[in-house]
Structures are given as structure tokens and as C-alpha cells.
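Visitor: Hi! Can you walk me through this one? I'm new to reading structures.

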Amino acid sequence: MDVRRRSTNKPTTPMKMGVVVDDEKEPRASDALPLPLYLTNAVFFTLFFSVVYFLLTRWREKIRNSTPLHVVDLSEIVALVALVASFIYLLGFFGIDFVQSIFRPSADVWAADYDKNHAEELILDEDARKVPCGVDCAPPPPQVVETLASEEDEEIIKAVVAGTTPSYSLETKLGDCKRAAVIRREAVQRVTGKSLAGLPLEGFDYQSILGQCCEMPVGYVQIPVGIAGPLLLDGREYSVPMATTEGCLVASTNRGCKAIHLSGGATAVLLKDGMTRAPVVRFATAQRAAELKFFLEDPKNFDTLSMVFNRSSRFARLQTIKCAIAGKNLYIRFCCSTGDAMGMNMISKGVQNILDFLQKDFSDMDVIGLSGNFCSDKKPAAVNWIEGRGKSVVCEALISGDVVRKVLKTNVAALVELNMLKNLAGSALAGALGGFNAHASNIVTAIYIATGQDPAQNVESSHCITMMEAVNDGKDLHVSVTMPCIEVGTVGGGTQLASQSACLNLLGVKGANREEPGSNARLLATIVAGSVLAGELSLMSALAAGQLVRSHMKYNRSSKDVSKVSS
Ligand code: ADP
């Protein structure tokens, strides 16, 4: 049955709004009659007019004979009853319909209203059909209904399209972030002629990203979040949220977590905690640049400099200053702790304080840039790999030979050999910088996205050297990951958004730690390292056992993906 045709058909019988129009299906009172409807009508018509004729004849006789009309015999009583009964029937059948036709809107209007209000109901009704249905009669995809713009919004959309109202000014102009996003989205669609249907708009708090996370929003991208774990780390269990569209990644990390758990858990040590920022300043001569270098690196000046720096925040604490010179240009690498914040904003403010202070004694100093890339943020750089940036963590576990065989489906010797040839020798041949691992960046990035970290910092945060060694006479496996640059925070940036904050909450590290500022971010860094350890174990085992291609074929090629992990 064609649902659209049916929905626009004129109703042929009286009905209430909301009742599906279908003469063939709808049960009717006439179904209960012993005769067909037209015969029943004929009987009652005949009866009605017969008794009217009979009674009028009797009354005429009574009037002629001067008999009172109210004196009735049995035949007249029967005739009266028949008259009332047939009248009620005929009134019910034709009269109510007639009365309703006066007050009811025309059938076309009714049908149009019905279609509008019940389109969804009709589609659902159609979906519930019992007849076999092939591809040809598959229900049409639900249509995306864009919000209709009001006249005022329509004017603003036109102004944005024409360029007279800048798109970026909508939030300020309207004072309503959601409305600004709706208008901008419509303007973008009109300008580009391309549809954004499929990019969700509803269900997001646009106010929460204003001035902090994203400018000129038109919607948001959905990324599924899976849970790996429990990860047993330092005696505590963690369910690790991973946001990814790479099949197998969560499943693989989960398998690694299981192997670690069955072997008694992993332990992590935080080696260092300090964010860096390195401005570049220029002098007229290399000699002057060197003078500033000696001044900054002189321990006698550190207290003064740190006092100036630390004014930027109650959580920023200057740790070290290291300088590098290129001719008359000086690169000053400041390193400071930043509490539970990842710390880029905080350290930038502190560095600005120092530069302002230095201008008094080094007035010939020309500040070229607050960041001179010796920091080094979001770029692979040896300085990070060697000196560390953010949190430096080492994490280890002793995996029993039994678990290697039963859970990881390989053996200790194969893992150790593969690690040496792939993660160490292979990466050395490739000239890797911090890439002495199988796929640390997979786990780092998935956790970063789930927990509101800056995903671009996966570049240096994924620096990792994975070591594997046979111990206990070759029976068991000692595995470790050393990661010098895990840049994470639990306050600031995207961590405060609802979804990301929920993932941090799951790990027990949401927001600022009031008792011990910085401990939430440090714990998160160790969880990242522990999860990387699990991911390394599982992928290396799959490779050692020759499972990688098989699992890719099974989970990647067949619409789902479980053990495929790009390495
Ligand atoms: P980032 O420096 O990582 O970009 P922000 O500077 O934007 O982060 O956010 C940190 C903000 O959070 C600062 O204003 C800081 O004062 C505040 N804050 C509150 N509690 C803490 C804490 N425990 N650790 C770090 N910052 C905190």
C-alpha cells in the first residue's frame, strides 16, 4: 500500500483526528448487522414510511369518529415503537453525518492537516506491515527537517550570505549562541550550495564553547567512545574511554588490559612534570644574546625570575630556564609546573611577564615571537624527546608466560625478538624521532579526544620507546613504555565540555584536585601510559602471532573492526 497516497486520500467515513484512514481495515458498527448495509437501510426506510402512513390513517379515522387520539390499541403501540426505532436509526445514519459536515473542515483540508500531523505515524504504520518487502519497497529514509527561519532570522541569513554581517560576529550580535549557529549553518549551506544534513546541530551547548573551544560553530562531529579495561594500574582499576573510528583499537587495548590484569597489574612512575614555552628574542650582536643567556641561566637570578614568572597564576611554578643561541638570536626555553592544567595559556602568561621584566635591563632586546619553536609544541622535536615536555612517565608490567600464551596467543621469545627488530632497529633505520613503538599514538589520540585534551599534541605526546625483555629464565615478559611528553590537563580547554568531562569523571580525574593541585593531571598521564602499555602488548602480540592481517580482514573489511590497529 502506498502510504503517501493513502495519507492524502479523502476520508470516506466520519472519523476523529488521529485515526488512521482506511476503509478496508477499520472495523465498523455495520459489520455487526445480520444483513448487508444497503438492505438494512431499505428495511428501516420501508418501516419508517409504512408506520407513518399507518398512524396517519388511524389518526384520520379517530378524528372523523371523534375518538381521542391518546386512546391507542396494541397495533398503534407497536407502530409508534417502530416509528421511534426507525427514526433513531435513520437519524443516526444520515443526520449526524449531515450535522458534522457543516462543522467539519472540508475533507481536503482535513486530509492535509492529517498528513502534516501524522506523517510520522503513517510512516510507522507502513513500516509495521506484515507483507514481505524487498529493496524496492523499503521505507524512504527519514527526511531531515531543517528549522524554518523566522523573518528576522531570514534577514540575518541574507546579510551573512551577502557579506554585510560577518559570520564571526553572530554570537556577539545575537547574544544567543545556538541561534548564531543555526543562522551561520544556513548561510554556509546557501553560499556553498552544499548540504550539511548529517552534521548534527541539536543537542549541543554552544554557549560552553564560546571564546574557549571553537569559533563559528555550525554543528558538531560525533565520534563513538568505547571502553577498554579494567586497566589495573598501581593497584587501582580504570575503565579507559577511547574516542575513535578505528575498528579494533578499543578491542585490542582491552585485550592488553586483560593480559596486564591477569599478570598482577602495571606500575607507573612520573619522572617529570613541566610544560615548556620558548620565545625567540633578537639582539644586534651575538655577544648581547649570549649575555642574556648567561644572565638567565645564572642560579643567582633564578629566585627573582621565578617570582616574576609565578605571578601569572597560583598554579604556575617556574622550574628551569634553558637557552639555545643561533647567531644573535636567543631561544629561551622556560619550563614550569601548571597544576591540573595542561598549561599552555598559563606558561605563556608567565613568559610574557618575564619578557616585560627583562626589557628594563635589556632594552635592546627585540621580542620576535612568544613561541620560537624551541618549546616545541605540536611538532616532532628532539628537544622534547630528550628533555621531556608535560608529564614524563615510565610504565611497566611483568606478563607471565602463561598469559602471553593464553591471552596474547604468542610466546615471550617471539615478542622480544619482534620488539627488537621492529620498535628498536626498524625505527632506528627509519630515522624515527620518538617513534620507537608499535602504535602509541593510536591510544594517546583516542584518550585525548575522549577526555578533552588537545588532540594536536598527540605529536609529541605519542613519543614512546617500548622495551621488551625475557625474564625469569625466559619464562616471563618484562614490558615497559617510556613516554617523555604526555601533555594532559583536567581543567581548561575542552576538558570542561559535558562529554569530555564525563569521560574524565569515569577515570576519577575530573576537574581540579583541590587537596593536591596537579595530581589529577598527573594521574591521567599515568593512565595514558598504562593504556599505551596495553595497546603495545596486544598489537605486538597480534603481529608476532601473524594475526594482524586476519583481524584486519575480519573486523575492518567486514563493516566492523576489532583487532585492526594501524601500526
Ligand atoms: P591551559 O593553560 O591548559 O590552557 P587554562 O589556563 O585555560 O589552561 O586553564 C587553567 C585555569 O584553571 C586557570 O585559570 C587556573 O587558575 C584554573 N585552575 C583552577 N584549579 C586549577 C588547578 N588545580 N590546576 C591548574 N589550574 C587550575
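Guide: Let's start in a loop. Ser 376 sits in the loop between β7 (366–369) and α12 (382–387). Keep in mind that this is a predicted model.

Visitor: OK. What is the peptide bond from Cys 375 to Ser 376, cis or trans?

Guide: That bond is cis, with omega near 5°. Most peptide bonds are trans.

Visitor: Which other residue lies in the loop between β7 and α12?

Guide: Asn 373 lies there. Its phi is near 70°, a positive value in a residue other than glycine. Most residues other than glycine have a negative phi.

Visitor: And the bond from Gly 229 to Pro 230, cis or trans?

Guide: The Gly 229 to Pro 230 bond is cis, with omega near 5°. Pro 230 belongs to strand β1, residues 225–233.

Visitor: New topic: the ligand. Which residues come nearest?

Guide: There are 14 residues around the ligand. Asp 340, Met 342, Gly 343, Asn 345 and Met 346 come nearest.

Visitor: What kinds of residue make up the shell?

Guide: Eight are nonpolar, five are polar and one is charged.

Visitor: What does a nitrogen atom of the ligand find at Asp 340?

Guide: A polar backbone atom of Asp 340, 2.7 Å away. An oxygen atom of the ligand is 3.2 Å from a polar backbone atom of Met 342. With Asn 345, a polar side-chain atom lies 2.9 Å from a ligand oxygen.

Visitor: How much of the ligand's accessible area does the protein cover?

Guide: On its own the ligand has 560 Å² of accessible area, and the protein covers 75% of that.

Visitor: Now helices. How do α8 and α18 cross?

Guide: Helix α8 spans residues 249–262. Its axis comes within 7 Å of the α18 axis, and the two cross at roughly 100°. An angle of 65 to 115 degrees counts as roughly perpendicular, so α8 is roughly perpendicular to α18.

Visitor: Which residues make that contact?

Guide: From α8, they include Ser 252, Arg 255 and Ile 260. From α18, Gly 530, Leu 537 and Ala 542 are among them. By class, the contact of α8 with α18 has seven nonpolar, eight polar and one charged residues.

Visitor: What about α14 and α18, how do their axes cross?

Guide: Helix α14 covers residues 412–429, and α18 covers 519–544. Their axes come within 10 Å and cross at roughly 100°. That makes α14 roughly perpendicular to α18.

Visitor: Who meets whom in α14 and α18?

Guide: Ala 414, Leu 415, Leu 418, Asn 419, Lys 422 and Asn 423 in α14 meet a group in α18. That group is Glu 536, Met 540, Ser 541, Leu 543 and Ala 544. The residues of this α14 and α18 contact divide into six nonpolar, three polar and two charged.

Definitions and conventions. Residues are numbered from 1 along each chain as its sequence is written. This is a predicted model: local features need pLDDT of at least 70, side-chain atom pairs count only at pLDDT 80 or more; totals for chains, interfaces and linings use all residues. Side-chain values use heavy atoms; hydrogens and water are left out. Axes are lines fitted to C-alpha atoms, for helices over the stretch in contact, and angles run from 0 to 180 degrees between N-to-C directions. Helices (H or I, at least four residues) and strands (E, at least two) are DSSP runs, numbered from the N terminus. Angles under 35 degrees count as roughly parallel, over 145 as roughly antiparallel, 65 to 115 as roughly perpendicular and the rest as oblique. Contact means heavy atoms within 4.5 Å. Ala, Val, Leu, Ile, Met, Phe, Trp, Tyr, Cys and Pro count as nonpolar, Asp, Glu, Lys and Arg as charged, and the others, Gly among them, as polar. A residue is near a molecule or strand if one of its heavy atoms lies within 4 Å of it. A polar contact is a pair of N or O atoms within 3.5 Å; within protein, one must be able to donate a hydrogen and the other to accept it, and residues adjacent in sequence count only if both atoms are side-chain atoms. Accessible areas come from the Shrake-Rupley method with a 1.4 Å probe; for residues, only the protein chains shown count as cover.
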